[in-house]
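Welcome, and please open your viewer. We will take a short walk from stop to stop, selecting as we go.

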Amino acid sequence: MSENKVIDGKDFAERLRGSIATLAAEFEAKAGRKAGLAVVLVGEDPASQVYVSSKGKQTVACGMASFEYKLPADADEATLLGMIEQLNADPAVDGILVQLPLPRHLDEQKVIATISPDKDVDGFHVTNAGRLAVGQAGYVPCTPLGCLMLLKDRLGDLSGMNAVVIGRSNIVGKPMAQLLLAESCTVTVAHSRTKDLPEVVRRADIVVAAVGRPEMVKADWIKPGATVIDVGINRLPPAEGKTKGRIVGDVDYQGAVQVAGAITPVPGGVGPMTIAVLLRNALVAAYDHIG
Ligand code: GUN
């Protein structure tokens, strides 16, 4: 197995953060302030706490200002919406991210709709989803944009390729499909009701797996030479004598790496790209705000 089959997202993200740091310093010299990213966390979900702390550290490491706001799990909607409105009006804040998932009593769509589209660095606001759908400039969700960067880095021009996106979430599957369509791929979006998924995946030159099911995509579904992007981060049940299970993707990596032309590992593939792209989006927002 040749080493360069592996798409090293960790390395790519590191280089991306390097160029962001340079641009962030240029921004500070020009604007007389740092580019600022605000992250709001509601509740105490352990995975979310890890993400938020990692975002804060990387924001500061890139020379940007990080503002972190924490609300208790039982915070009411008016408190959260009021906080977002304050951040919308704050000139030191260029980007606002409300960590998802939110506690069940909060309406995610309403919360996202309250974020100013010009500070929506997650690209979740309907205005930004609409801009992506019609080919206008706007903020694009970080994970699919990171996947596209890895694909273009590896493959160059994607036009005419058959791309299969497995998963239809608003955060990954749908924007991923839009991005690949904009690159002139022939795009199929597969999901839990898709008939004969293995056969659909076998037609793909590009497979993006974003279903959240551990090792669901098997090696014999992959067309030889295809490029496989694995968005999944799933923890397996612990093996005997262990307290924590292994982290695996949505693709059977050990099998698929034998067949694919290139593949992202989990961890170290798509995961590290998400925060790097978030910082990129925040910096783009900062430059937009100073005109
Ligand atoms: N939770 C997991 N990934 C993300 C993300 O990219 N943005 C937000 N807001 N929440 C998340």
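A residue counts as near a molecule or strand if its C-beta atom, placed from the backbone, lies within 6 Å of it. This is a predicted model, where local features need pLDDT of at least 70, side-chain atom pairs count only at pLDDT 80 or more, and totals for chains, interfaces and linings use all residues. Residues are numbered from 1 along each chain as its sequence is written.

Start at the ligand: select Leu97, Val98, Gln99, Leu100, Asp122, Cys142, Thr143 and Thr274, which surround it. Strand E3 (95-98) and H6 are the elements that give two or more residues to this shell; helices (H or I, at least four residues) and strands (E, at least two) are DSSP runs, numbered from the N terminus.

Next, select helix H7, residues 173-182, where 7 of the 10 residues are buried (20 or more other C-beta atoms within 10 Å of the residue's own, C-beta atoms being placed from the backbone). Among the buried ones are Pro175, Met176 and Leu179. Show helix H6 (142-155) and strand E6 (206-209) too, as their cover for the buried residues of H7 is part of the picture.

Now pick Val208. Setting aside neighbours within four places in sequence, Val208 is in contact with Cys147, Val165, Ile166, Met176, Ile229 and Val231 (contact means C-beta atoms, placed from the backbone, within 7 Å).

Finally, colour domain 1 (30-120) and domain 2 (142-271), as the domain assignment gives them; such bounds come from an automatic or database assignment. Their C-alpha centres lie 28 Å apart.

Note on methods:
A residue is buried if 20 or more other C-beta atoms lie within 10 Å of its own, exposed if 12 or fewer, and partly exposed in between; C-beta atoms are placed from the backbone. Two residues are in contact if their C-beta atoms, placed from the backbone, lie within 7 Å.
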